[in-house]
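Please walk me through this model, taking its salt bridges, its strands and its pocket in turn.

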Amino acid sequence: MTSTDRRYFDEMYASSHDPWNFEASAYERRKYSLTVASLPREKYRNAFEPGCSIGVLTELLAPRCERLLATDINDVALEQATKRLERFHGVVVEHRAIPESWPVEEFDLVVLSELAYYFDIKTLQILVNQIVQSTSPAAHVLSVHWRGETNYPLTGDRVHALIDGCQRLHHLVHHREEMFVLDLWERRS
Ligand SMILES: C[S@@+](CC[C@H](N)C(=O)[O-])C[C@H]1O[C@@H](n2cnc3c(N)ncnc32)[C@H](O)[C@@H]1O
């Protein structure tokens, strides 16, 4: 199965401004709290959150980051994210498709939240290489994904197992429950 086409997301945002109910869902709120609480450092210098959608998680990450690049492929989502995040001077919201337009920067935090299962294995491997190449030693990589049945190319559990296979990442945090899995790795020097 190939990576999910961008038209899938265009259709989702055409049907609702918040297709996954990020703003109001108690499940998302709790998952976001655990996500942010799992970050070992109080502050990150330069973080990257690809697939930021409407910026609900981004808003919680922002106070922990001096600079935070939040990107998405959908302009309806980015318009909302831009409004939500305008009070955070360190947050930059950009239209960028990954892995094709991976930013040329050095990050000390990369957050993959409900994104990586849309990619096929080959693309996910490219993505993991890009993460390793664009992070500083001891940078953190946080991944959090739904574990339920989907028609996406990968399951959340498979995504995390594939990332965990990267020798350049040292596993630090694992949290798994019925609905989602969360892992955090530290980039080896
Ligand atoms: C399920 S939402 C996750 C939103 C957010 N990370 C969260 O957890 O609240 C997935 C988002 O990824 C975006 N996306 C999908 N493929 C992408 C790609 N190749 N590059 C950047 N963003 C992408 C979609 O447009 C969508 O907004």
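**Salt bridges, strands and a pocket**

Between Arg 84 and Glu 23 there is a salt bridge, in which the closest N and O atoms are 2.7 Å apart. This pair links distant parts of the chain, since Arg 84 belongs to helix H4 (residues 75-85) while Glu 23 sits in the loop between H1 and H2, 61 residues apart. The model described here is a predicted one.

The structure holds 11 salt bridges, and another of them joins Glu 114 to Lys 31, with the closest N and O atoms 2.8 Å apart. Glu 114 lies in the loop between E4 and H5 and Lys 31 in helix H2, so the pair ties together parts of the chain that are 83 residues apart in sequence. Here both partners are buried, Glu 114 with a relative accessible area of 13% and Lys 31 at 0% relative accessibility. Salt bridges with shared partners bring Glu 28, Lys 31 and Glu 114 together into one network. A further salt bridge, between the side chains of Arg 7 and Asp 5, has an N to O distance of 2.9 Å; in this pair Arg 7 is exposed, with a relative accessible area of 57%, and Asp 5 is partly exposed at 37%.

The loop that carries Glu 114 leads back to strand E4. Seven of the seven residues of E4 (residues 107-113) are buried, so this strand is largely enclosed by the rest of the structure. E4 pairs in the parallel sense with strand E1 (residues 44-50) over two bridges, and in this pairing Ala 47 stands opposite Leu 109. With strand E5 (residues 135-146), E4 pairs in the parallel sense over six bridges, and Val 111 has Leu 142 of E5 as its bridge partner. From E4 the chain crosses through helix H5 (residues 121-133) to E5, and this β-α-β crossover is right-handed.

What remains is the largest pocket, whose volume is about 690 Å³. It is lined by 38 residues, and those closest to its centre are Phe 9, Gly 51, Glu 114, Leu 115 and Tyr 118. Two or more lining residues come from each of helix H1 (6-15), helix H2 (26-37), E1, helix H3 (56-61) and strand E2 (65-72), with H2 giving the most, four residues. By class, the lining has 21 nonpolar, nine polar and eight charged residues.

Methods
Residues numbered from 1 in each chain as written. Predicted model: local features only at pLDDT ≥ 70, side-chain atom pairs only at ≥ 80, totals over all residues. Heavy atoms only, no water. Buried < 20%, exposed > 50% of the residue type's maximum accessible area, 1.4 Å probe, protein only. Pairing = 2+ DSSP bridges. Right-handed = clockwise from strand over helix to strand, strands pointing away. 1 Å grid on protein atoms, 1.4 Å probe; cavity = no way out; pocket = protein on both sides within 12 Å on 5 of 7 lines; lining within 4 Å. Points joined across faces, edges and corners; volume = space filled by probe spheres on them. Nonpolar A, V, L, I, M, F, W, Y, C, P; charged D, E, K, R; others polar. Salt bridge = Lys/Arg side-chain N within 4 Å of Asp/Glu carboxyl O.
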